Amino acid sequence: MPAPAPDGPAPDATVIRYGRPRLVGAVARLVLLTAAAVALLLLSAQVPDGWILVALGVLGLVLGPATAVRGLRERRWRTAFDATGFWLLNGKGAAVVRWDSLEAVGVYWSQGEEGAAHATLELCPAQEITWPDPVLQQIVRKAEPVEPGRPRMRYRLDITAGRRAHEEAAERWAPAHLWFGPVRQEPGYAGKPPLLFAAVDAPDSVVAFRGRGHFRAGLLILLGIALVAAGVVHLLLPAGRDGALDTVRTGAAALLAAAAAALLVRLFGRILPKRRRVVTVAAAGVLCNHGDGSPPALIPWETLAAVGIHRYGTEWTLELCPREEVDRDDPALWLFVRDEQPHRPGLPRLRYRFDIHPAEARHAVAAACRRRVPRLWYGGHGHHGDAGAPDRKGHRRRLRASREGHGPAVGQRDG
């Protein structure tokens with residue numbers, strides 16, 4: 001059994017100020033974008049109908065800090081190499097990846113189309129990463145293993161700005177049998193972080209979705225949309241100086257106001273029915289209570305073949321893949337049925353998808369699922385686009401067919 005790791009790097013460790021070049025780049029971007037935004041705002045006062053310049057200036061003031069956030073957040077980061085392993089220090093804590101826990105260490109690099117190079121330090125564990133240290137969780141990636149059959153998860157650190165220092169330190173301190181040196185990769189190989197969940201203590205019953213909180217958050221978002229739309233409409237309103245231009249601006253303001261109103265009504269109609277809903281991960285399965293006086297609906301664990309969590313942008317969802325086909329028109333559950341490609345051959349296309357809110361609840365939900373049904377857990381997956389919507393048109397069509405005697409009887413619940 002390996003000895004416990006020390007609290008920090010050894011006195012003779014090779015320490016690299018990882019965050020310094022990122023801080024310099026972040027400050028440069030912040031200054032340039034802010035200066036450009038201020039110039040546009042000053043110019044707008046000298047130009048007739050300068051509302052477009054005002055909009056661009058405000059956009060620059062928003063993008064400046066947004067593009068600098070990562071560099072500012074990593075400004076205190078340091079990396080270190082010693083006889084124990086690789087250290088990552090983020091200013092709040094320190095974590096080590098021990099050499100005796102790894103199967104390979106090296107550097108991947110790629111050359112972009114415009115000549116810009118990209119490099120990463122690759123630390124490949126011998127065992128699968130399940131609950132990484134909070135400090136190290138930020139650099140976990142999923143990639144093809146160095147050898148077939150090895151774990152796909154690894155630690156990958158972007159060392160583009162300090163490749164030489166990191167490569168020399170890793171070659172010096174990593175055991176010779178682990179070091180495989182620099183290896184060229186195709187551009188874009190680095191990928192994005194996988195979905196990982198913190199190791200938390202989950203109680204017997206975990207609430208995955210609480211409608212009241214979701215409804216309040218939705219109202220705040222709707223208020224923000226309404227304020228932004230009102231501001232833009234105000235900018236578009238005619239100034240009374242040019243008849244033709246005033247007509248165009250009036251029409252644009254009217255179209256924008258109508259579109260914003262339609263969007264607000266649609267979004268409010270989507271969040272209103274959810275205000276009393278509660279979804280719970282319990283011992284027997286996943287329980288859905290609509291809060292309308294009807295009995296809660298239960299999806300037992302024994303009816304499922306796979307369980308996981310997905311992310312669509314800022315949305316998190318609990319995915320329940322059944323063993324067999326499910327009733328897509330079940331009165332209590334049809335709102336949560338989705339028709340998508342199954343996770344593995346032999347499973348039905350239909351699955352259940354429940355929103356997770358607030359997003360922080362995903363850690364407790366993941367811990368509860370792993371504890372209840374560890375053999376069903378397939379982890380977290382990120383996706384582009386949105387989480388989709390219930391098949392309302394199909395449900396209503398099948399409902400009409402059943403009422404007319406052309407199909408099996410189905411139930412209906414709106415929400």
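The model is predicted, so to speak, from the start: local features need pLDDT of at least 70, side-chain atom pairs count only at pLDDT 80 or more, and totals for chains, interfaces and linings use all residues. Residues are numbered from 1 along each chain as its sequence is written, and side-chain values use heavy atoms, with hydrogens and water left out.**The whole chain**
- You'll find seven helices and 18 strands in the chain; both are DSSP runs numbered from the N terminus, with helices being H or I runs of at least four residues and strands being E runs of at least two.
- Taken along the principal axes, the C-alpha atoms fill a box of roughly 75 × 70 × 35 Å.
- Of the 415 residues in the chain, 40% are buried.
- Here, buried means under 20% relative accessible area, exposed means over 50%, and partly exposed is in between, using a 1.4 Å probe and protein chains only.

**The cavity**
- Rolling a probe the size of a water molecule over the atoms shows where empty space is left.
- A cavity is a set of points, on a 1 Å grid over the protein atoms alone, where a 1.4 Å probe fits but cannot get out; its lining residues have an atom within 4 Å of a point.
- The structure holds one cavity of 30 Å³ or more.
- About 40 Å³ of space lies in the largest cavity, where volume means the space filled by probe spheres set on the points, and grid points are joined across faces, edges and corners.
- Its lining is made up of Cys321, Pro322, Gln341, Pro342, His343, Leu347, Pro348, Arg349, Leu350 and Arg351.
- Strand 15 (315-322) and strand 17 (350-356) each supply at least two residues of that lining.
- Sorted by class, the lining of the largest cavity has six nonpolar, two polar and two charged residues.
- For that sorting, Ala, Val, Leu, Ile, Met, Phe, Trp, Tyr, Cys and Pro count as nonpolar, Asp, Glu, Lys and Arg as charged, and the others, Gly among them, as polar.

**Salt bridges**
- Side chains of opposite charge can pair when their charged atoms come close.
- The term salt bridge covers a side-chain nitrogen of Lys or Arg within 4 Å of a carboxyl oxygen of Asp or Glu, and the structure holds 15 of them.
- One of them joins Glu319 and Arg353, with the closest N and O atoms 2.7 Å apart.
- Glu319 lies in strand 15 and Arg353 in strand 17, so this pair ties together parts that are 34 residues apart in sequence.
- Both Glu319 and Arg353 are buried; Arg353 counts as buried because its relative accessibility is 3%.
- Arg353 also meets Glu340 in a salt bridge, at 2.9 Å from N to O.
- Glu340 is partly exposed, since its relative accessible area is 26%.
- Elsewhere on the list, Asp391 and Arg398 form a salt bridge at 3.7 Å, N to O.
- Salt bridges that share partners join Glu319, Glu340, Arg351 and Arg353 into one network.

**A nonpolar patch**
- Ile52, Leu56, Leu59 and Leu63 make a nonpolar surface patch of about 340 Å².
- Patches are made of residues with over 30% relative accessible area and no salt bridge; like charges are joined within 9 Å, and nonpolar side chains (Val, Leu, Ile, Met, Phe, Trp, Tyr) within 5 Å.
- Accessible areas come from the Shrake-Rupley method with a 1.4 Å probe, and for residues only the protein chains shown count as cover.
- Leu63 sits in helix 2 (residues 51-73) and is partly exposed, at 38% relative accessible area.

**Single residues and distances**
- Ile309 belongs to strand 14 (residues 304-312) and counts as buried, at 0% relative accessibility.
- From C-alpha to C-alpha, Ile309 and Glu171 are 38 Å apart in space, and 138 residues apart in sequence.
- His383 is in strand 18 (residues 377-383) and counts as partly exposed, at 34% relative accessibility.
- Although His383 and Tyr312 are 71 residues apart along the chain, 5.3 Å separates their C-alpha atoms.
- A cis peptide bond, with omega about 0 degrees, joins His357 and Pro358, and Pro358 is in the loop between strand 17 and helix 6 (361-372).

Conventions: On a 1 Å grid over the protein atoms alone, a cavity is a set of points where a 1.4 Å probe fits but cannot get out, and a pocket is an open set with protein on both sides within 12 Å along at least five of seven lines; lining residues have an atom within 4 Å of a point.
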